[in-house]
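Please study the sequence and the structure before reading on.

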Amino acid sequence: MAGSRTFTMIKPKAVKNQHIGGITAMIEAAGFKIVAMKKTQLSAEQAGLFYEVHKERPFYGELCEFMSSGPIVPMILEKENAVADFRKLIGATDPAEAEEGTIRKKYATSKGENAVHGSDSDENATLEASFFFSALEQY
Ligand code: ADP
């Protein structure tokens with residue numbers, strides 16, 4: 001069985017600190033197949049669109065500024081129970097609260113600059129994946 005899909009991005013600070021390899025190694029070791037991956041950079045406007053659900057939150061401006069501050073690595077991942085299992089693998093939003101063995105515990109530096117994104121539902125995973133990847137880029 002192919003399993004279900006989730007969407008993730010390695011955020012600018014983790015890319016800048018050269019953690020693409022470390023993070024993708026943790027993802028593959030946890031049993032996820034990388035079905036799409038690229039390195040790109042968002043404009044502040046594109047980051048604003050991606051995070052539109054957070055428009056009313058106080059950190060929205062800071063988040064859009066940070067997410068467009070440097071290259072990111074978006075990926076589509078596949079595994080059984082992908083959305084929930086990936087949320088477990090990344091850990092809590094705030095690295096101070098993230099469990100040992102999680103990506104954010106190892107690589108995040110703050111609640112805002114928390115190394116990786118992880119979709120929170122199957123529906124959002126599909127929407128977020130199509131924000132970055134066409135059908136021809138998913139294998
Ligand atoms: P998660 O990414 O764990 O699903 P949220 O959906 O609540 O968390 O928030 C989206 C992103 O916004 C977080 O990953 C983080 O980068 C940023 N963020 C959340 N809360 C804060 C905050 N209090 N201050 C700054 N940035 C925040």
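## Terms and basis

In this report, Ala, Val, Leu, Ile, Met, Phe, Trp, Tyr, Cys and Pro count as nonpolar, Asp, Glu, Lys and Arg as charged, and the others, Gly among them, as polar. The model is predicted: local features need pLDDT of at least 70, side-chain atom pairs count only at pLDDT 80 or more, and totals for chains, interfaces and linings use all residues. Residues are numbered from 1 along each chain as its sequence is written, and side-chain values use heavy atoms, with hydrogens and water left out.

## The largest pocket

A pocket is an open set of points on a 1 Å grid over the protein atoms alone, with protein on both sides within 12 Å along at least five of seven lines; its lining residues have an atom within 4 Å of a point. The largest pocket holds about 760 Å³ of space, a volume being the space filled by probe spheres set on the grid points, which are joined across faces, edges and corners. Its lining has 27 residues, and those closest to the pocket centre are Tyr51, His54, Phe59, Leu63 and His117.

Helices (H or I, at least four residues) and strands (E, at least two) are DSSP runs, numbered from the N terminus. Two or more lining residues come from each of helix H3 (44-50), helix H4 (60-67), strand E4 (116-118) and helix H7 (122-132). H7 supplies the largest share, four residues. By class, the pocket lining has nine nonpolar, eight polar and ten charged residues.

## The ligand

The ligand sits in the largest pocket, meaning that more than half of its atoms lie within 2 Å of the pocket's grid points. Residues near the ligand (a heavy atom within 4 Å) include Lys11, Arg57, Glu62 and Asn114. This shell comprises two nonpolar, four polar and six charged residues.

Polar contacts are pairs of N or O atoms within 3.5 Å. A polar side-chain atom of His54 is 3.3 Å from a ligand oxygen atom, and a side-chain N or O atom of Arg87 is 2.9 Å from a ligand oxygen atom. From Gly112, a backbone N or O atom lies 2.8 Å from an oxygen atom of the ligand.

Notes:
A polar contact is a pair of N or O atoms within 3.5 Å; within protein, one must be able to donate a hydrogen and the other to accept it, and residues adjacent in sequence count only if both atoms are side-chain atoms. On a 1 Å grid over the protein atoms alone, a cavity is a set of points where a 1.4 Å probe fits but cannot get out, and a pocket is an open set with protein on both sides within 12 Å along at least five of seven lines; lining residues have an atom within 4 Å of a point.
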